[in-house]
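Here's a quick tour of a protein for you to follow along with. Keep the picture open while you read.

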Amino acid sequence: MILYTSTNLKQKNAGACSIVVPIYNEENVIPQFHFRLNRVVKLLDIQVHVIFVNDGSYDSSTQIIENLTNLEYDYTLINLSRNFGKEAAMSAGLSKADGDFTIILDVDLQDPPELIPSMIDKWKEGADIVCMQRNKRYGESWFKKASAFLFYKIINRLADCEIPENVGDFRLLDKKVVRELIQLREKNIYMKGLLAWPGFNQVILNFDRDQRFSGESKWPLQKLLALAMDGITSFSTKPLQIATYLGATIASGSFFYAIWTVLKTFILGETVTGFPTIIVAITGLGGVQLLSIGLIGAYVGRIYNEVKNRPRFIVASEINKAAAETSKVI
Ligand code: UDP
Ligand code: MG
């Protein structure tokens with residue numbers, strides 16, 4: 001990844017800021033999130049517009065947001081018609097973001113709002129994307145950490161653009177990056193890849209990722225595997241090439257083995273034995289063939305989803321509230 005130091009970046013002036021917050025059943029977290037965000041926003045000298053995207057929550061998340069008081073920020077609450085997943089919720093939020101830069105923030109306080117001022121400083125110094133890289137990942141199982149490590153190694157081997165390791169969706173994006181992102185029309189999205197794809201000046205800031213404030217991760221293993229598959233198939237066709245190479249290698253191996261068997265029979269006079277060899281060859285080849293068909297299937301499935309051309313999400317309703325509308329108790 002090419003990182004730009006503050007010396008080769010052009011200074012920018014602070015303007016309005018948008019903050020996109022995807023929410024799925026987070027009633028226990030929202031009040032604390034609001035308290036901490038409010039405290040940070042109060043110290044900023046810029047206009048802040050928070051875009052809460054309610055991704056089909058069935059708890060009281062929406063009511064809690066609508067009843068927030070003492071707001072230091074304006075907000076828009078976008079209610080999606082059902083749960084479309086975090087990737088779609090973020091893209092719904094980005095399509096509404098109108099600030100000079102936009103920050104994507106999880107509501108569970110794993111992405112501390114207190115880091116926003118240092119992200120803005122980097123933007124002022126000229127960065128177009130500020131990636132927040134996790135040093136430590138508290139409250140995550142060794143399995144999740146190990147699989148994330150392996151996933152980044154694999155995807156960066158395969159993908160054409162570099163996807164920074166251990167950087168989640170917690171990022172600051174300049175408005176020109178947001179403008180490019182919302183023009184990408186693909187339906188099956190892998191946000192961490194899409195956020196890396198436009199390029200621009202990227203800067204990395206490190207932080208220790210806290211545990212969730214309350215509740216549980218909404219990413220069970222099955223969803224994570226689907227996300228990993230989406231990530232790989234949307235950023236690389238190399239698995240298809242690998243299948244071709246694998247097929248070619250096995251086919252040539254079997255050709256040479258056939259010649260060797262013929263020679264052995266005629267020259268050395270050995271009778272044809274090898275029941276185990278047949279079993280190994282059949283099962284091995286069967287496995288490789290099924291794997292390759294599965295791979296092709298994954299790409300065909302993506303094409304199928306894309307040509308259907310359904311929207312990424314449906315907005316059921318939208319509420320706007322300005323900071324001034326809520327009573328300010330000091
Ligand atoms: N989220 C969402 N839709 C979903 C799942 C999650 O909007 O289908 C939101 C969730 O409310 C939170 C953020 O995405 O604000 C991150 O989710 P989570 O904490 O479960 O993910 P993790 O931190 O475990 O990767
Ligand atoms: Mg979380």
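What follows is a short report on the overall form, the ligand shell and one residue.

## Ground rules

This is a predicted model, where local features need pLDDT of at least 70, side-chain atom pairs count only at pLDDT 80 or more, and totals for chains, interfaces and linings use all residues. Residues are numbered from 1 along each chain as its sequence is written, while chains are lettered from A and ligands numbered from 1 in the order in which they are written.

## Overall form

The protein has 10 helices and eight strands (DSSP runs numbered from the N terminus: H or I of at least four residues for helices, E of at least two for strands). Its radius of gyration, 25 Å, is well over the 20 Å that the globule rule gives for 330 residues, so the protein is more spread out than a compact globule. That radius is taken over C-alpha atoms, and the rule is 2.2 Å times the number of residues to the power 0.38. The C-alpha atoms fill a box of roughly 100 × 50 × 40 Å along the principal axes.

## Around ligand 1

Ligand 1 is surrounded by 17 residues, the closest being P22, Y24, D55, S217 and K218 (the C-beta atom, placed from the backbone, must lie within 6 Å). Both β1 (17-23) and α3 (86-96) supply at least two residues of this shell.

## A look at I204

You'll find I204 in strand β7 (residues 202-209). I204 and C131 are 73 residues apart in sequence, yet 4.8 Å apart in space, C-alpha to C-alpha.
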